[in-house]
Amino acid sequence: MSKQYYQKEIETMPYEQMRALQSERLCRQVRHVWDNVPYYRSLMEEKGLTPDDIRGVEDLHKLPFLKKDDLRDQYPYGLLAKPLSDCVRIQSTSGTTGRRVVAFYTQNDVDLWEDCCARAITAVGGTREDVCQVAYGYGLFTGGPGLNGGSHKVGCLTLPMSSGNTDRQIQFMMDLGATILCCTPSYAAYIGETLKEKGYKPEDNKLKAGIFGAEPWTEEMRRDIEKSLGIKAYDIYGLTETSGPGVAFECEDQSGMHINEDHFLAEIIDPDTGEVLPEGEKGELVFTALTKEAFPLLRYRTRDICVLTRGKCACGRTLIKMTKPMGRSDDMMIIRGVNVFPSQIEAVLLSEGYSPNYQIVLDRVNNTDTFDVNVEMTPDRFCDTVKGTQEAEKKLVNAMLNMLGIRPNVHLVAPKSIARSEGKAVRVIDKRKLH
Ligand code: DLL
């Protein structure tokens, strides 16, 4: 094991000691936010709180939640806790300007984030002898930059491939002998299929491990990928708001993801009432970033539903574990690794003069998401020629591609042909069976 990033004293720390560390960091962080983020200070004041009321982890439940809507309303600088001159980087979620989340990083934030990713790479057996192929997207998305930084810290030879261009991925993988692959699980599956089509067998590559995350995936998919690439496939979790990947990672035991809880304090709440639930119960995951300087979110509601469990793992780590996210408490979909809200589709339809009668159909064919949008024509937007319909569909495809960053198949359908619902409209039919 690479000594430096198996941070044994932290990763195997007894619970009481971890709690004391978290308490100390929490108090400092609450003070930092109170002093520098007027918006969060006013949320605390509304609850009659001052930093003196938070004396440790036991007082965490008193603090107000932050939601994605708060981040959107405060876009771009409202939650910034450091002068811009101290910030060196932004990353951002995919999505419309309205839904975009921009996260800021100081150099120290980047360092700690990369440390978390380095722990993840180390946990799957990565050392300076490895060749780490990073095929997550680079740019605003956190996947590429996060794993790239972690790979450097571990000392692997890093191949900063970004996603796409599968022929080139395979050429580098083979010619340079990549041993660790980092990408979304669906892209890993696709690379596996392409290798097979090209006549390679799993033993022809040098890969030993994959670090896959950013979207839901099943145990079946894990087995498929392991078989097609001849590797062990590990999960990794994170979100832009909490820096990116590396908030939690799987170890060789492949039995849930260890949360880097010296940096991210996790809670599970009832998504309807906000009540904190005991460990072991299923609910919404909430994170408090204990060490982030520029964008230090307190009690951020992730909307991911999962279960937390504590106990010594076979790997020796004591860090609390989270299950794979089992769903979301909002309507966000993750399609080909991109976060998409139905409201974004609706916004495109309205701006193009359609009514909001539409249905999104998701499926997974050969481990790749299919994304279809059925849209009702309106009397104003009625086409009765094939050519006219195709042109109108193309226009909508382009507008949606522009808004979302991924391309749907759009099908214009006859007015009133999408079933009306008496209660909540059924906007999304997800046949992917991901959970
Ligand atoms: O997906 C960060 C990331 C990059 C994680 C690379 C892992 C690897 P966002 O684009 O902000 O950030 O999306 C965050 O993706 O709230 C989850 O719903 C989902 N998600 C992330 N990792 C997993 C995973 C990145 N391992 C949202 N399993 C989160 C299931 C995941 N869902």
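1. Arginine 119 is buried, its relative accessible area being 3% (buried means under 20% relative accessible area, exposed over 50%, and partly exposed in between, with a 1.4 Å probe and protein chains only). The model is a predicted one, in which local features need pLDDT of at least 70 and side-chain atom pairs count only at pLDDT 80 or more, whereas totals for chains, interfaces and linings use all residues. Residues are numbered from 1 along each chain as its sequence is written, and side-chain values use heavy atoms, with hydrogens and water left out.

2. Arginine 119 forms a salt bridge with aspartate 262, at 2.8 Å between the closest N and O atoms (a salt bridge is a side-chain nitrogen of Lys or Arg within 4 Å of a carboxyl oxygen of Asp or Glu). The partners lie 143 residues apart: arginine 119 in helix 5 (residues 107-123), and aspartate 262 in the loop between strand 9 (257-259) and strand 10 (264-269). Helices (H or I, at least four residues) and strands (E, at least two) are DSSP runs numbered from the N terminus. Aspartate 262 also counts as buried, at 2% relative accessibility.

3. A second salt bridge joins glutamate 250 and arginine 222, with 2.8 Å from N to O. Because glutamate 250 belongs to strand 8 (residues 244-250) and arginine 222 to helix 9, this pair ties together parts that are 28 residues apart in sequence. Both glutamate 250 and arginine 222 are buried. The charged end of arginine 222 also sits over the ring of tryptophan 217, 5.7 Å from its centre (the criterion is NZ of Lys or CZ of Arg within 6 Å of the ring centre and within 35 degrees of the ring normal). A corresponding arrangement places the charged end of arginine 301 over the ring of phenylalanine 65, 5.5 Å from its centre.

4. Glutamate 279 and arginine 310 meet in a salt bridge of 3.9 Å, N to O. Glutamate 279 lies in the loop between strand 10 and strand 11, and arginine 310, 31 residues apart from it, in the loop between strand 12 (300-309) and strand 13 (321-322). Both are partly exposed: glutamate 279 has a relative accessible area of 46%, and arginine 310 has a relative accessibility of 29%. The structure holds 28 salt bridges.

5. There are 7 aromatic pairs in the whole structure (rings of Phe, Tyr and Trp, the last by its six-membered ring, pair if their centres lie within 6.5 Å; planes under 30 degrees apart count as stacked, over 60 as edge-to-face and the rest as tilted). Phenylalanine 212 and tryptophan 217 are edge-to-face, because their ring centres are 5.9 Å apart and their planes stand at 80°. Phenylalanine 212 is buried at 0% relative accessible area, and tryptophan 217 is buried at 3%.

6. Tyrosine 237 and phenylalanine 287 form a tilted aromatic pair, 6.4 Å centre to centre with 40° between the planes. Since tyrosine 237 is in strand 7 (residues 232-239) and phenylalanine 287 in strand 11 (residues 282-289), the pair ties together parts 50 residues apart in sequence. Both residues are buried. A separate listing gives Tyr77, Phe104 and Phe295 as one aromatic cluster.

7. Tyr40, Leu63, Tyr237, Ile259, Leu285 and Met322 touch the most other members of the largest nonpolar core, which has 76 residues (a nonpolar core is a set of buried Ala, Val, Leu, Ile, Met, Phe, Trp, Tyr and Cys residues joined through side-chain atoms within 4.5 Å). Helix 5 supplies the largest share of this core, 8 residues. A second, separate core of 26 residues includes Met333, Ile360, Met403 and Val410.

8. In helix 8 (residues 185-197), the end C-alpha atoms are 18 Å apart, in agreement with the 18 Å that its 13 residues should span at 1.5 Å a residue (the expected span is 1.5 Å times one less than the number of residues). Its buried residues include Pro185, Tyr187, Ile191 and Leu195. The buried residues of helix 8 pack against elements including helix 7 (166-175), strand 6 (209-213) and strand 17 (358-365), contact meaning heavy atoms within 4.5 Å.

9. The peptide bond from tyrosine 75 to proline 76 is cis, with omega near -5°; proline 76 is in the loop between helix 4 (68-73) and strand 1 (87-92). Glutamine 254, not a glycine, has a positive phi of about 50° and is in the loop between strand 8 and strand 9. Arginine 303 has a positive phi near 75° and is in strand 12.
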